[in-house]
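Welcome! Please take a moment with the sequence and the 3D view, and then let us walk through some of the details together.

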Amino acid sequence: MKIAIFAGDGIGPEIMAQALRVLDALRLPGAVYLEGDVGGIAYKRHGHPLPEETLINARGSDAVLFGAVGDPECDNLERHLRPEQAILGLRSQLGLFANLRPATMFAGLEDMSSLKPEIARQIDLLIVRELNGDVYFGEKGTRTRDDGQREGWDMMSYAEDEVRRIAHTAFRAAQGRQKRLTSVDKANVLETSQLWRDVVVETAADYPDVALDHMYVDNAAMQLVRDPGRFDVIVTGNLFGDILSDQASMCVGSIGLLASASLGERQTAHGTFGMYEPIHGTAPDIAGQGKANPMAMILSAAMMLRHSFGRGEDAARIEAAVASALAAGVHGADLGGRASTQEIGDAVLERL
Ligand code: IPM
Ligand code: MG
């Protein structure tokens, strides 16, 4: 089990340390860790946010465990040197086109949600976000118009094969859940979205057992806070998925609780090669203070065991340990509690 460990910036190293304690406790047979620098720290040490060596380690591994990247000190660098390019580069260069972001209510956290408890209790959804295309990876630039005004531009596009493969991922995910899929787009305005919708409809023919509906992204944002229980699986493009997944996290109560898996086509001995990361960022305001909630990172490690190593039982044990710690009131500052990063790790380990 070759696991690349890229802790990154800000709170990344602190939360990664707790995830590694959890993995160690499972005594995984033959686990080997390949560490690598990514993000701002990599820029400072090697002059690039995604050094060649890191990429080699990623390619040589069965799974990548990723903390977070981003550093306010790097915000003024040229775009290709900014920390965020590490995550975008890994996603595209490793062909990780399918980003799975589950959002489920944890028992006992209903009052932490920004929604009314009786509405929050219903949340059990999976966002399937396309990760290799859209306006994220289109051509972009700045120019000066004839009238002297500066203009920034970013090209949004999706090719049908890109839509088809993520649609298949989403339909299959829905088959393993409640068999309901909502495709989110902006087909009333964008050509990109019209093609998206057409291809999703074509793909649906292969999945007669899944109920498909379509929603414009503005409406989806509204329904997500009005009636999140109506959603089972949501499939959407890169930009809309980025936004809706942050929104879903607050409905659950804290962005410190949401994990993600980024998967491609490459198969490993026991599953699919993937990269696993919390959906939150580096939280520079609390970095190094032992205040970060490591649960999203720990839950990302659980997703790794399930998807890349065929260890669904270990994954379920970790998830149960986290849920039990939360139910017992082990809450970090993100949930209005006092538990430190280390104490949250301790609480999960005890239950494991
Ligand atoms: C995410 C993040 C990234 C994204 C950033 C850090 C580039 O917000 O994983 O959701 O926009 O995809
Ligand atoms: Mg995001």
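A residue counts as near a molecule if one of its heavy atoms lies within 4 Å of it. Keep in mind as you read that this is a predicted model.

## Around the ligand

Which residues lie around ligand 1? They are Arg91, Arg101, Arg129, Tyr136 and Asp242.

An oxygen atom of ligand 1 sits 2.5 Å from an N or O atom in the side chain of Tyr136. For Arg91, the distance from a ligand oxygen to a side-chain N or O atom is 2.7 Å, and for Arg101 the corresponding value is 2.8 Å. How much of ligand 1 does the protein bury? Taken alone, the ligand exposes 320 Å², and the protein buries 76% of that.

## Salt bridges

Let us turn to charged side chains that pair with each other. A search of the whole structure finds 20 salt bridges.

| Glu73 | Lys44 | 3.0 Å |

Start with the salt bridge between Glu73 and Lys44. This pair links distant parts of the chain, 29 residues apart: Glu73 is in the loop between β3 (63-68) and α4 (84-93), and Lys44 is in helix α2 (residues 40-46). Glu73 is exposed, with a relative accessible area of 66%, whereas Lys44 is partly exposed at 45%.

Glu319 belongs to helix α11 (residues 312-327) and Arg306 to helix α10, so the pair ties together parts that are 13 residues apart in sequence. Glu319 is partly exposed, with a relative accessible area of 25%. Arg306 is partly exposed too, at 32% relative accessibility. Salt bridges can also share partners: Lys44, Asp71 and Glu73 are joined into one network in this way.

## A helix and what follows

Now look at α1, which has 14 residues. From its first C-alpha to its last, α1 reaches 20 Å, close to the 20 Å expected at 1.5 Å a residue. Which residues of α1 are buried? They are Gly12, Glu14, Ile15, Met16, Gln18, Ala19, Leu20, Val22 and Leu23.

After α1 comes Arg27, whose phi is positive, near 45°. Most residues other than glycine have a negative phi. Arg27 is found in the loop between α1 (12-25) and β2 (32-35), and Arg27 is exposed, with a relative accessible area of 71%.

Ala283 is another residue other than glycine with a positive phi, near 40°. Ala283 lies in the loop between β12 (271-278) and α10 (295-309). With 23% relative accessibility, Ala283 counts as partly exposed.

## Far in sequence, and in space

Finally, compare positions along the chain with distances in space. Leu65 lies in strand β3 and is buried, with a relative accessible area of 0%. How many residues separate Leu65 and Ala301 in sequence? They are 236 residues apart in sequence, and their C-alpha atoms are 6.9 Å apart in space.

Glu277 has its place in strand β12. Glu277 counts as buried because its relative accessibility is 5%, and buried means under 20%. The C-alpha atoms of Glu277 and Ile87 are separated by 10.0 Å, while the two residues are 190 residues apart along the chain.

Technical notes: Residues numbered from 1 in each chain as written. Chains lettered and ligands numbered in written order. Predicted model: local features only at pLDDT ≥ 70, side-chain atom pairs only at ≥ 80, totals over all residues. Heavy atoms only, no water. Helix = DSSP H or I, 4+ residues; strand = E, 2+ residues; numbered from the N terminus. Buried < 20%, exposed > 50% of the residue type's maximum accessible area, 1.4 Å probe, protein only. Expected span 1.5 Å × (residues − 1). Polar contact = N/O pair within 3.5 Å; in protein donor to acceptor, adjacent residues only side chain to side chain. Areas by Shrake-Rupley, 256 points an atom, 1.4 Å probe, with all protein chains shown as cover. Salt bridge = Lys/Arg side-chain N within 4 Å of Asp/Glu carboxyl O.
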